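Take a look at the structure below.

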Amino acid sequence: MTDTFHLEFTVNGRLRVLDIAASHTLLDVLRDDIGLTGTKECCVVGECGACTVIVDGRSVNSCLMLAAEADGADVLTVEGLAPSGQLDALQQAFLDTGAAQCGFCIPGQLMSARALLQRTPHPTPEQINEALAGTLCRCAGYEQSRQAVLAAAEEVGS
Amino acid sequence: MQAFRYLRPSTVEEALALLEEHGDKARLLAGGTDLVIELRNRWRTPEVVIDLKGIEELRPSIRVEGGRLVISAATVMADLERDPVVAERFPALAEAAAVVGSVQIRNRATLVGNICNGSPAADTTPPLLVYGAEMVIASPKGRRRLSIDEFVLGPGKVALGPGEMVVAIELPMDRTIAAAYTRLTRRHGTDLASITLCCGVDASGTTRVAYGSVGPRAWLVVDDTGVLADPAASREAKAPVLAALFAKATPSKTSMRAGPEYRAAMLPVLGARALNTAIERLGRTA
Amino acid sequence: MKDQGVGARAQRIGGVGRVTGGQRYVADIPLADMLHAKLVTLDCAHARILSIDTSAAIALPGVHFVMTPDDLPKPMPRFGPEYQDRPVMADGETKYHGEAVAAVVADTKDIAEEAALLVKVEYEVLPAIHTLEEALAPGAELVQDPAIRRPGPHIASNILSEYRFGWGDVDAAAADADIVVENTYDWPSQTQFAIEPHGFIAAPDGDGIAVWSSIQHPYQLQKTVAKVLGIPMAKVRVFAPDPGGGFGGKQHTKLEPLVAFMAVRAGQPVRLILTLEEAFQAVRSTGARMRVRTGIKADGTLVFQDFVNEFLVGCYGDTGDRVSAKGSFLSAGPYRTPAVRIVSRAVLSHTTPTHPMRGFGIPQVTWARESNLDEAAIAAGVDRLEIRLKNLVKYGEEHVPGDTPADGDWAQTVRKAAEEIGWGTPVPPGRGRGIAIGLKSGPTTGLSYSTVRFLADCSAIVFSGTSDMGQGARTIYAQIVAEELGIPLDSVSVVMGDTAVVPYDQQTSASRSSVLMGNAVLNACRDIQRKLKARMADMEGIEEAAISVDRGVMRLPGGEEALPAVLKKVLGRMGGEIVGNGEARKDALPEHPLGGTALFFEFNCTAIEAEVDEETGETDILRHVTVGDVGLALNPIQVTGQDEGAAVMGVGLSLMEHLIWGDDGRTRNLGAIDYRIPTSLDLPRELHSFSVENGDGPGPYGVKGISEGSLLCTAPAVAAAVRDATGAVIRDLPLSPERVWRALQERP
Ligand code: FES
Ligand code: FES
């Protein structure tokens with residue numbers, strides 16, 4: 001009986017092929033096996049959202065997904081937002097409004113916001129609050145994040 | 001997490017064969033939002049984990065078939081939230097699905113998983129009870145249906161025999177039940193509810209109330225006196241009838257989320273609110 | 001709009017790393033050959049350890065060793081910020097739920113975790129003290145062995161320390177009061193809940209050791225590790241990557257000494273990254289019970305204030321003594337009260353060790369004082385705003401005799417908050433308003449050094465020992481340097497978090513960094529300016545006195561010159577650089593009850609308009625106004641961010657946060673599922689943050705500290721609004737729907 005799994009998936013546009021422990025979560029594999037440490041670990045029970053990534057277009061808690069479940073999937077992490085080094089509109093807006101304080105929750109917030117804007121390009125403040133409710137921030141009051149998402153939505157929409 | 005094997009069958013038959021082969025050493029994986037936590041905490045230590053998401057038949061799908069709404073096993077909460085038929089015919093289910101965890105959780109958590117975990121606080125159980133849902137259960141012997149009221153048994157317990165699995169949940173569409181879902185939490189953001197409650201009324205004047213998180217399982221109770229569903233009946237007239245419906249509640253004395261007195265007091269409050277919304281909704285469909 | 005220098009809405013330095021995932025926190029640091037540690041803990045609070053069997057764990061392939069107390073020096077090394085009483089690991093007895101009894105070191109996380117489960121500990125569960133009543137009961141078991149306590153009058157009790165402050169004669173004054181109101185207020189124990197759980201790495205480094213920690217006070221860690229390991233401080237190099245939030249919970253040394261011992265034993269790097277549950281067991285904040293008596297004249301004039309404050313601290317001294325003392329010292333607030341009596345006790349228990357949390361004991365006493373003042377005002381029929389304005393000290397007036405007098409126009413702040421909430425205008429039906437004042441001393445002592453290197457190409461490097469845990473210290477220092485040296489912000493870089501390279505800083509706390517380290521950076525720039533002046537005088541053959549420098553510009557008899565041009569001239573073809581050193585200190589005053597006067601005050605007024613669902617007890621904050629006296633906003637975006645963040649944390653502390661202990665002393669709500677903090681759906685409907693800027697602070701250009709202000713008085717303002725809306729009086733927190741509902745039932 002083997003408890004390893006042969007995983008093939010795409011992370012930030014790059015094909016990754018590796019053998020992993022079947023019991024490892026997507027978060028474990030991203031951080032420890034691939035070395036993409038931008039995705040953060042905090043509660044590992046799906047409450048804080050620090051581990052949020054986008055899998056096949058949907059935001060998910062990578063701490064609650066076995067990496068094996070991502071076999072064949074297309075995964076986007078915070079490192080994939082600015083592939084050419086040029087910040088995307090959301091990242092820039094988070095800087096402009098000052099939403100990133102200690103920054104630990106920011107990758108999760110960015111991925112949640114990104115998933116929201118993909119589905120709802122012009123969200124209302126209520127929709128933004130709903131979208132960000134799964135990513136806890138202890139530093140800021142969420143107000144600057146909300147403004148950032150609104151600003152990025154305008155930027156992209158215009 | 002203890003090591004295990006991960007298997008991804010592509011048909012229900014394969015999955016059933018694996019279940020048969022590994023018995024209680026196997027665990028089914030749908031969305032994983034509960035299972036991964038159980039594995040990490042070693043509350044469960046299966047030798048094999050059988051992922052159902054590779055099975056074509058179980059792929060996310062909400063479809064109308066023979067006067068029933070069929071929700072496949074891999075359908076997630078986010079699918080329910082957005083489905084137009086669910087929104088129109090089963091709004092209480094959409095409301096319950098929309099408050100399960102965060103967006104990220106709802107993108108993974110399945111309706112079937114929510115029920116099969118047997119949590120007394122599962123948000124979707126009360127609306128499914130009110131709407132009279134049935135579980136479609138597959139086993140090597142074939143398929144059977146079981147009403148959800150007979151399916152949920154107690155904390156972590158459902159009426160699923162060895163070698164059986166749920167492949168779909170079906171909701172009858174031949175009668176109109178106008179229903180509303182509400183719950184009690186400690187904060188507005190995602191939370192496990194201290195009370196889950198759904199109330200449905202129909203044109204015949206029957207009121208169905210289902211409530212959870214205040215006992216070992218969610219209970220379904222029915223009032224056919226017509227008093228509750230009557231838009232003209234006074235608050236005072238309804239109060240005792242409503243209160244009687246909650247006799248089965250046995251809220252935990254040791255829970256951290258809310259004390260038993262408070263929960264008991266909130267049941268009729270929430271019940272009256274959901275009832276009003278349900279009556280309004282019935283008025284609109286009529 | 002200015003985009004650099006002082007007062008600019010400058011973008012955060014280090015911001016790009018924070019939005020790209022490039023910022024490395026401790027858990028993100030890769031080291032070659034790193035081993036992984038896992039703690040072994042017991043599922044009970046207080047227990048006697050009978051035996052530890054590590055054989056099964058060691059037998060697991062990939063396990064290097066299991067560290068137990070037997071592997072540590074005898075007697076067990078102990079350490080702590082105020083008392084040297086915290087053992088490196090549990091010494092014969094666990095004193096709180098989660099205290100490490102052993103630790104496994106293995107090749108991988110998985111193996112370490114697996115092996116930790118295989119360590120067999122035999123133990124006997126002992127009764128655990130987890131309330132003030134139990135701890136103070138006559139004959140209560142002593143939480144600490146008197147042998148390790150500092151000698152003193154309370155050594156044979158669970159009172160860690162007791163302070164008495166005050167002035168005037170309260171008993172005599174009581175006769176003059178028309179109205180006396182007395183009540184008891186409770187503040188629950190809570191947890192800092194930084195989103196980054198604590199992480200530690202230690203690695204042998206030549207003949208010394210390197211330690212990585214998400215710590216707020218790296219220089220204190222350096223000293224502690226040196227002492228515990230018995231090596232010179234110069235052989236301990238602490239790397240302090242920017243913490244992912246601190247809020248007080250990352251101030252002091254915790255498990256670093258254990259990890260250091262393990263790295264020494266392993267001869268290779270060892271890392272221990274806590275789970276969130278373990279972080280909850282590593283530190284918490286201090287709960288408190290306060291008995292308050294306020295006496296006023298019929299017109300609302302304060303006659304006396306009388307406090308007995310008891311703080312429930314953990315099983316080790318930690319910072320319990322200081323939090324109770326400093327928190328209580330300002331119990332009476334910013335008011336002109338002729339007679340004040342304050343008794344403050346820190347009380348030991350078998351619970352998680354306590355660090356300060358944002359506000360350092362002040363939110364606790366403020367909750368009690370402001371709530372009691374409201375009760376007195378209501379009893380007298382005096383408006384709740386009026387009673388505050390009437391008694392508030394004026395600029396330059398002392399509120400605590402002998403301490404720093406009021407350093408701001410505080411009435412201006414209060415009036416602004418009142419105006420923004422519409423105080424005095426009709427309240428819509430079903431709603432209520434509350435207003436409260438928070439006052440906190442900044443640091444009472446401090447010492448910060450900074451070095452600034454002005455490089456040949458006119459860029460600059462700042463060295464500062466502050467921890468940038470989100471407050472944006474880096475950006476502030478860069479702004480000061482840009483302003484003083486006349487260079488663009490993006491040519492300044494800031495080096496922090498390495499004790500081998502960056503000069504000493506006492507600590508990152510008490511909203512001190514903009515003031516103290518800010519002044520050190522400013523002084524380092526001034527040092528550079530002086531050196532440039534001297535060189536120019538020399539080169540031009542003029543008197544130094546004929547030259548002046550102001551914010552990046554040098555004035556010479558022949559005209560003005562920008563500093564970068566001056567630098568080029570001065571360095572000439574040889575190149576090189578000009579190095580400036582700066583120091584800022586706040587000296588101790590041994591005779592002062594706190595060891596020093598306040599460097600400045602954080603003053604905040606919060607006003608709330610709220611609505612309560614009378615059936616369920618749910619409170620909805622419709623409008624939340626916070627006004628802080630900030631002196632000057634060096635960076636307005638960051639000031640707003642800090643203020644909003646503190647306000648929302650204040651909402652969490654007021655409405656939903658509390659640690660729950662079982663009768664056995666176990667923490668029942670470890671982790672994020674049952675310890676609730678606000679999400680984006682739990683915010684006030686409207687949150688408005690304002691700053692009063694009169695340039696009257698002691699920091700660069702008149703700044704004061706700002707990072708705690710808006711949570712100091714959130715709770716009494718919210719409770720006051722609830723009472724105003726419903727008549728329900730609540731004296732313990734949090735204001736959960738259930739508690740509000742209960743108070744509504746008990747309404748007279
Ligand atoms: S770490 Fe995944 S949700 Fe907290
Ligand atoms: S910026 Fe620190 S947790 Fe959000």
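In chain A, the C-alpha centres of domain 1 and domain 2 lie 21 Å apart. Keep in mind that this is a predicted model. Where do these domains run? Domain 1 of chain A covers 4-81, and domain 2 of chain A covers 89-157.

Now look at how the two domains of chain A touch. Domain 1 of chain A brings 17 residues to the contact, and domain 2 of chain A brings 14. Together they bury about 1,300 Å². Carbon and sulfur atoms account for 65% of that area. How many salt bridges cross the interface of domain 1 of chain A and domain 2 of chain A? The rule finds zero. Polar contacts are found there, in two residue pairs, with both residues at pLDDT 80 or more.

S3(A) gives the most, with three residues. Sorted by class, this side of domain 1 of chain A has seven nonpolar, six polar and four charged residues.

Next, move to chain B. Its assignment has three parts: domain 1 (5-51), domain 2 (59-172) and domain 3 (178-285). Find the centres of domain 1 and domain 3 of chain B. These C-alpha centres lie 35 Å apart.

Finally, turn to the place where chain C meets chain B. Chain C supplies 23 residues to this contact, and chain B supplies 24. The area buried between chain C and chain B is about 2,200 Å². Carbon and sulfur atoms give 46% of it.

How many salt bridges are counted between chain C and chain B? The count is nine. One salt bridge between these chains joins the side chains of C:Glu114 and B:Arg42, at 3.4 Å from N to O. Polar contacts between chain C and chain B come to 18 residue pairs, with both residues at pLDDT 80 or more.

Stay on the chain C side. Helix H3 (109-118) and helix H18 (737-745) of chain C each supply at least two residues of the side that touches chain B. H18(C) provides the largest share, four residues. By class, the residues on this side of chain C divide into 12 charged, eight nonpolar and three polar.

Technical notes:
Residues numbered from 1 in each chain as written. Chains lettered and ligands numbered in written order. Predicted model: local features only at pLDDT ≥ 70, side-chain atom pairs only at ≥ 80, totals over all residues. Heavy atoms only, no water. Domains from an automatic or database assignment. Contact = heavy atoms within 4.5 Å. Buried area = accessible area lost by both parts, 1.4 Å probe. Salt bridge = Lys/Arg side-chain N within 4 Å of Asp/Glu carboxyl O. Polar contact = N/O pair within 3.5 Å; in protein donor to acceptor, adjacent residues only side chain to side chain. Nonpolar A, V, L, I, M, F, W, Y, C, P; charged D, E, K, R; others polar.
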